[in-house]
Each structure stands twice: as C-alpha cells, then as structure tokens.
Amino acid sequence: MMQWASKEQLTDLLCEMVQIPSISGSEAEKIFPTFVEQKLRTLPYFSKHPEQIELHDAGSGMRLLSALVRNKPEVRETIVLLSHFDVVDTSDYGDFQQFAFDPRRLTELFRSQPEVLPPEARHDAENGEWLFGRGVMDMKSGLALQMAMLERASAGEFAGNLLLVTVPDEEVGSAGMRAAVPALLALAERYGLDYVTVLNSEPGFPKYAGDHSNYIYKGTIGKMLPGFLCYGKETHVGEALAGLNANYMVSRLISEMELNTSYIEKVETDITPPPTNLLLRSLKNDYSVQTPYRAAAMFNLLMLERTLEETIESLLATANQAARHIEADYAVKARACADYAMISIPDLHIKVLTYEELHQYAVATYGQERVEALAGKALKVSGPAGDRDTTIAIVDELALLCKELGPMIVLFFSPPYYPAVSSRHDPFIQKVADELADYAAQRYGMKIGQENFHRGICDLSYVGTAGQSAALQLLAQNMPMWEKGYSIPFKELEQFIVPVLNVGPVGLDAHKWTERLDVHNAFVVMMDLLPACIHTLFHKHNAAIPESEPAAIQE
C-alpha cells in the first residue's frame, strides 16, 4: 500500500516536514535530511538497497541527501529530482510567528481571523483549499511530491531510474547544490547512470496579481552581485575641496546604477527587472573631522542570456560615466567656491578599474606575499552581511595598499553568483513541455504557461551548460573571495551538462508571512502531471522508439 499517494497522505507528510524549522543556517537545517532519510527507508525498496540512500557533506555541518531508485541494473537513463529543504526565517509573521511552522493551526487561525489578512490571502484562507505556513510553498511541497514519485518508481512505474537530490542552503548561497554537482558525477560513475534531465519542482511564480496559473519553466534566471569600492581623497572638513568625499562618489554611482533600464534584458516574454542597490557602506567607522574617503555599494543584477563579458563592459561604462559626472560637478562647484575665497581649483581625475587590475597592480608593486597577508587579514572580518562584508574588506585592504592609484572606482563581484540556465533551444525539452501542456488542457481544461526562465533564483543555475567555464573563470578573477570560502565547481559543471525543467505546484507569497499552497493543485493535479512529465521525459529520450508509437502521456 502506498504511503504518499492521496491528497491527505501528502498533506500529512508536508505538515511533518514543515514542523521541522529548517531555517537556513539553523541546527534544524542540519538535521532535516535525516528525517527525509528515515521516511524513505520505510519504503521496501530501500530495505533491499540501503546503500542507495546517502548523506553527503555540504560544508558547515550541512548535508544533502541522495536517494536512487533503479529500474533495472542495466538501465542507465536517469532523471534527477531536485529540491531544497531550507526556508527563510519567520520574523515577518509578527504575532503569528509561533505558528509559522504549524500549517494546519496557522491556517485555522487565519480562517477564524480573516480580517488580519490582505484581501487576496483572505479569499484563499476562506476558500478551504489553501494551506499557510513557512515552507509549504517554497519548497517542501515540491519535495513531498518528489518523494511520492520515488515511491512510485520503487513500485516499478517508470521506464528509467529516479535519483532524488534534496539540498540545504538554497535560500542563502546554494552551498548544497554546489556540493551536489561533484556528488552527482560520482553517483553516475558508480552506478552507470546517464542523466536525462534535472527536474526541479519549485512552485511557479505569479506573473501578475491574482495569477494562480501553473507554469513549466525551461530554465532559471541568473543573479550576480556587482560591487564598487569608491576611493576618494581624505582631507579636513574645513578644506573639503582639497579632498574627495567617497560618500559623495558612491551616491553618484548609485544614481547611475539604480533602476538603469540599459541593464534590462528581454528574451521572448521573459524580462529582467532593472538593477537596484542592496548594500551601501561608508568605510569610515568612527567620528572625526576627516572626510570619508572610502565607501562601497553592491547591486542586485539579474540576467538571462547576456554574457559576463558584456555585463562587465556595461558596469565599467556606468562607473566611467559616474566618474566623469563627479569630475565635472566637482569642477563646477570648485569654481563657484572660488568666487568666495582665493582657492586653487584641483585637477581631478578618477580611475576606473576592475578588481583583477587592482590585484595585478598590487602584486607587481608590493609582492605576492604582502597581498596574500592583507587578504588573510580581511578574511577575518565578519560583518552582518557575511560574505559581502568580507569581500568589501579584501578590496578595501588592497585599495589602501595602492592608495597612489586614487581617486578610483574598483569594480568587483561578491558571492553568491547564480548563472542563468535555459534549455529553451533543446528540442527534447520543448517537445516534453508541449506534450505536458496539451495533456493538462485535455485532462483538466487548464492552461499551463511555458516560460524560458524561472523568475525566482533556484539551484538549477548549477546545472552545467556548454561554454560556462570561460565565463566562470572571468568571474573568479574579479571575485575577491574566490577559493577563499566561496567557489563554484566549474570543472565539474563542464561534465554535468544536462537539460533542465521545472514542473511544480501553485503557491503564492514566497518569503512572506502569507506564504501558502494550493493543496488541490499540489496533491491532486500535480500528482497526475508530474508522473506524466516523467513518463514523457523517458519516452522522448529514447530515440529508438518510432514517432508513430503512442505518446507516453495517456489518461
């Protein structure tokens, strides 16, 4: 008898998982995979093949879990079912925080007090098919569905193998997925697996208010954190024109970058939002009458198909534009001040360079040993922004060392980095998406939208695509923390080139206190569509089957 087949069974499983408060970085995140392991070991298949469930180290006490169900020993075709089990914190729940990990209780409270909810969430609470709570949408419902698929595979339902991989840290830096890539390659070698597709089950993101549609995603959006360190010139506040205030420099740079539409990227119907500032730091930590001469800013920048080379070129162009505006504005104000007093007008020129150029200059001028010692000192910095503060500290130490280059603006990148990935040009993935959409229309009268990129950052970014290595090498040269606590396994990614697809349930308000899941859609509709998708992936992958054969999806 199946454990995870009905809507009620899957809701029970989901609630059990949500009750483990696996917030990123918490102890609960570390123990969560053991819970999944214990659940999976209740399946008779794993009593016969206990070695096919493994826990893998993901650093900092975290672990990821893999569980392989093989069709037959000679079958190589394997679909990777990918999910994450960490969640964001619950401080946004306010008075309801103590119930954030108790979905049934929280949902009952919201139904009994609908006035506390925004109108759309109130409607869903009263509907009776929505479940509220942290992680019900993002993304423990997806994991529950994938565990159900593993159970069905263990009963011999599918023509190929299923490999469940569930990881920690997706909400922070994807350390779990970055660790999973070499583990997946090792599993493929050990068991003789050919990966057909990496199938994620993140929930869809609504395209507009009130959108409750299902979406098939053929990839995921990319994200980077470019930063600029502005190094001015110190002076006494009584002689402001003798220096250059870095806070002024960074403010002009932010005005050039913020919501700059030249960074918007459009690929078919997918459009990225413009960049926005995420972090601003004056690096003057104490009060004195010396003007601040070092400051830094970082920006959220999303991308689809723009190359890293093109992005760096654009960022340098923006920094140069800001520098020229600062110089011109400074000259105008200096001349105006000269009308009031006999002062000399400084000849100001601001250099713009990459971190790689700064680092090369520092090594050539001061030696590798001194540069490494300064980096080691900076790595001890632990600020509230984590790797972001450490990154700034490394750039700042080098800028202080090379102060003769100032005034200057230095472009750098901070962790995390998520490459954009899409299988939109893969005819295999397109055929599967089309067939699944047709099936949903015929079976349920529902329209499934097809998107090239999942709009929420997700772990599909770390599935390799051709030509990725060169771009990552360029990133590494301009990321101060590369191989100093952060890296991407780009050599392994060159070997892990697999088509990607995301098919998941409908949910709303990820990372909000009104996060919720459409339970009927997740555990009735998706319990039909997800296995149909898996059948079709195996069917379409087998080139030996003539096109005249019946389609894999059947009612």
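Tutor: What follows takes up the pocket, then a surface patch, then salt bridges.

Student: Before that, what kind of model is this?

Tutor: This is a predicted model, in which local features need pLDDT of at least 70 and side-chain atom pairs count only at pLDDT 80 or more, while totals for chains, interfaces and linings use all residues. Residues are numbered from 1 along each chain as its sequence is written, and side-chain values use heavy atoms, with hydrogens and water left out.

Student: What volume does the largest pocket have?

Tutor: The volume of the largest pocket is about 540 Å³. A pocket here is an open set of points on a 1 Å grid over the protein atoms alone, where a 1.4 Å probe fits, with protein on both sides within 12 Å along at least five of seven lines, and lining residues have an atom within 4 Å of a point.

Student: Which residues lie nearest its centre?

Tutor: Of the 29 lining residues, Leu304, Ala420, Thr465, Ala466 and Gln468 lie nearest the centre of the largest pocket. Two or more lining residues come from each of helix H9 (308-338), strand E16 (421-422) and helix H14 (468-477); helices (H or I, at least four residues) and strands (E, at least two) are DSSP runs, numbered from the N terminus.

Student: Changing topic, which residues make the nonpolar surface patch?

Tutor: Val237, Tyr287 and Val289 make a nonpolar surface patch of about 340 Å². Patch residues have over 30% relative accessible area and no salt bridge, with nonpolar side chains joined within 5 Å.

Student: Is tyrosine 287 buried or exposed?

Tutor: Tyrosine 287 counts as exposed because its relative accessibility is 75%, where buried means under 20%, exposed over 50% and partly exposed in between, with a 1.4 Å probe and protein chains only. Tyrosine 287 is in the loop between strand E12 (276-282) and strand E13 (294-303).

Student: And how many salt bridges are there?

Tutor: The structure holds 23 salt bridges, each being a side-chain nitrogen of Lys or Arg within 4 Å of a carboxyl oxygen of Asp or Glu.

Student: Where do glutamate 268 and arginine 424 lie?

Tutor: Glutamate 268 and arginine 424 form a salt bridge whose closest N and O atoms are 2.9 Å apart. Glutamate 268 lies in the loop between strand E10 (266-267) and strand E11 (270-271), and arginine 424 in the loop between E16 and helix H13 (427-444), so the pair ties together parts that are 156 residues apart in sequence.

Definitions and conventions. Grid points are joined across faces, edges and corners, and a volume is the space filled by probe spheres set on the points. Patches are made of residues with over 30% relative accessible area and no salt bridge: like charges are joined within 9 Å, nonpolar side chains (Val, Leu, Ile, Met, Phe, Trp, Tyr) within 5 Å. Accessible areas come from the Shrake-Rupley method with a 1.4 Å probe; for residues, only the protein chains shown count as cover.
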